[in-house]
Amino acid sequence: MSLLTRRRLLRRAALSATAAGAARVGLPGAVAAGTAAAAAAVAGCDDTPDPAPDGDGHGPLRFPPDFGWGAATSAYQIEGAAKEDGRGESVWDTFSHTPGRTRNGDTGDVAADHYHRYVEDLDLMRGLGLRSYRFSISWSRIQADGSGRPNQRGLDFYRRLVDGLHERDIAPMATLFHWDLPQALQDAGGWENRDTAERFAEYADITFRALGDRVPVWLTINEPKTVVQNGYLWGHHAPGHQDPEAAYLVAHHLQLAHGLAVRALRATGAKTRIGPALNLHPCYPADNTAEAATATRLYDGYENRLYLDSILKGAYPQDVLADLGPDSRMVRGIRDGDLAIISSPVDLLAVQYYTPIYVTGQGDTVSKWPTSEASWQQIYPEGMYDILTRVTGDYGPIPLTITENGLPCPDDLAADGTVDDAARIDFLRDHFAAAHRAIQDGVPLESYHVWSLLDNFEWNEGYQQRWGLVYVDYPTQRRVLKRSAHWYRTVIRNNGL
């Protein structure tokens, strides 16, 4: 990797982390928001009554029969019980307990206490009418040190969770890795170490054989790009590094781990489906210049094609490899046969959409739309349509599921015991409508999981941001359905807007 490329990657990381926030103070040429969601996000979650929950002002929008309406969570963000029943330490335990790494020094030690309250949460899901629940399994709860004999108490917890979902007619969708790498493996090099991919395949095999066909859909790696960018470029996620050379070697090993897990599932003979979970950001030129178009193409390579092409086409994009350079650790780390493993056939692709990216001719980013409380998130529902149709157009009719989409609001528990998150309703309505239009235009979208079921530990933001359909009063762990949860229940009942 050249010094120029290294500097550009670090600059891109810094710009990506801060550019969205500029929309709050105004950017030259910023585009006025054209959707209800954008306007609501600027104003915050206000007290304006929402429209009738079974309509969007343009007539009913009905989704395909048996569409999988769901919600999503992840283990470290909700489970708590960090030192119970044989669970080992993960990189997020280490990171969150390191002073200065998280807002207010918050940790996931207790989180939403889901480990002890999962039955209550299962009943809550049933009350909402969820048809699918996407969750993650804590690797360090299954193997405390990331290798060796499995921890039966950890496996038993997930068996109880899966059984409880089936008892309530909710389809389990389990993610094997949602960023919480066992600390012992990090101490041995983490994802920079190729051996970690092999250890992941062993962990996946244990989990597959324990839960088998009881889980109809398995997801391998959640958002490898976020591990790469937030964990190894920006450094504000675990393990907290800022090293572009390491970052893209990590990208390769994460994708290798994905492919090895796919093969491990096939070897069990389980009649279940598997695929990756990728956060995809549609990239647009910030202006009409040829320079912006060229820069956007490369930016898209790092954001999307680096992961899509390798998994679905069996090759890394040549423009990205050329930009990294032949001496980069990633390029030197690719071995014969690796791409065949990475591109092992999958059954579906999980798409996570939060924000678009606008790229200038200099390769910088600018904001065009208002942002949510998460300064990196521009609110642009049309991007949902664009990324879904782009995946189908470029990679064929692979079945798709949306496994994350949502936004944080400044949710407050009112004196009457309610939480009025009107902006979240507007946001979801507009994104559901965009997904519906994509389905109408031929996208094979099977399900949609709102992020998140519960307020939770939001990584380096701690408990500052609330993303849930359900309010969690952390001192008491009381759950309160927000207005959006009541609205979503009606959407599910009606199978549409």
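**Reading buried charges, a histidine and the cores**

Tutor: Arg305 and Asp300 are both buried, where buried means under 20% relative accessible area, exposed over 50% and partly exposed in between, with a 1.4 Å probe and protein chains only. This is a predicted model, in which local features need pLDDT of at least 70 and side-chain atom pairs count only at pLDDT 80 or more, while totals for chains, interfaces and linings use all residues. Residues are numbered from 1 along each chain as its sequence is written, and side-chain values use heavy atoms, with hydrogens and water left out.

Student: What joins the side chains of Arg305 and Asp300?

Tutor: Side chains of opposite charge can pair when their charged atoms come close. Here Arg305 and Asp300 form a salt bridge, at 2.9 Å from N to O (a side-chain nitrogen of Lys or Arg within 4 Å of a carboxyl oxygen of Asp or Glu). Arg305 also forms a salt bridge with Asp319, with the closest N and O atoms 2.8 Å apart. Because Arg305 is in helix H12 (residues 290–312) and Asp319 in helix H13 (residues 318–324), the pair ties together parts 14 residues apart in sequence. Helices are DSSP runs of H or I with at least four residues, strands are runs of E with at least two, and both are numbered from the N terminus.

Student: Is Asp319 buried, partly exposed or exposed?

Tutor: Asp319 has a relative accessible area of 27%, so it is partly exposed. Arg305, at 3%, counts as buried. Elsewhere, salt bridges with shared partners link Asp411, Asp421, Arg424, Asp455, Arg466 and Lys482 into one network. The count of salt bridges is 32.

Student: How do I read His449, and which side chain makes a polar contact with its side chain?

Tutor: His449 lies in strand S11 (residues 445–451) and counts as buried because its relative accessibility is 0%. Its side chain makes a polar contact with that of Ser132, at 2.7 Å (N or O atoms within 3.5 Å; within protein, one able to donate a hydrogen and the other to accept it, and residues adjacent in sequence counting only if both atoms are side-chain atoms).

Student: Which residues touch the most other members of the largest nonpolar core?

Tutor: A nonpolar core is a set of buried Ala, Val, Leu, Ile, Met, Phe, Trp, Tyr and Cys residues joined through side-chain atoms within 4.5 Å. The largest has 137 residues, and those touching the most other members are Phe177, Phe200, Trp218, Tyr248, Leu388, Phe432 and Tyr488. Helix H11 (residues 244–268) supplies the largest share, 13 residues. Apart from this core lies another, of six residues, including Met173 and Val217.
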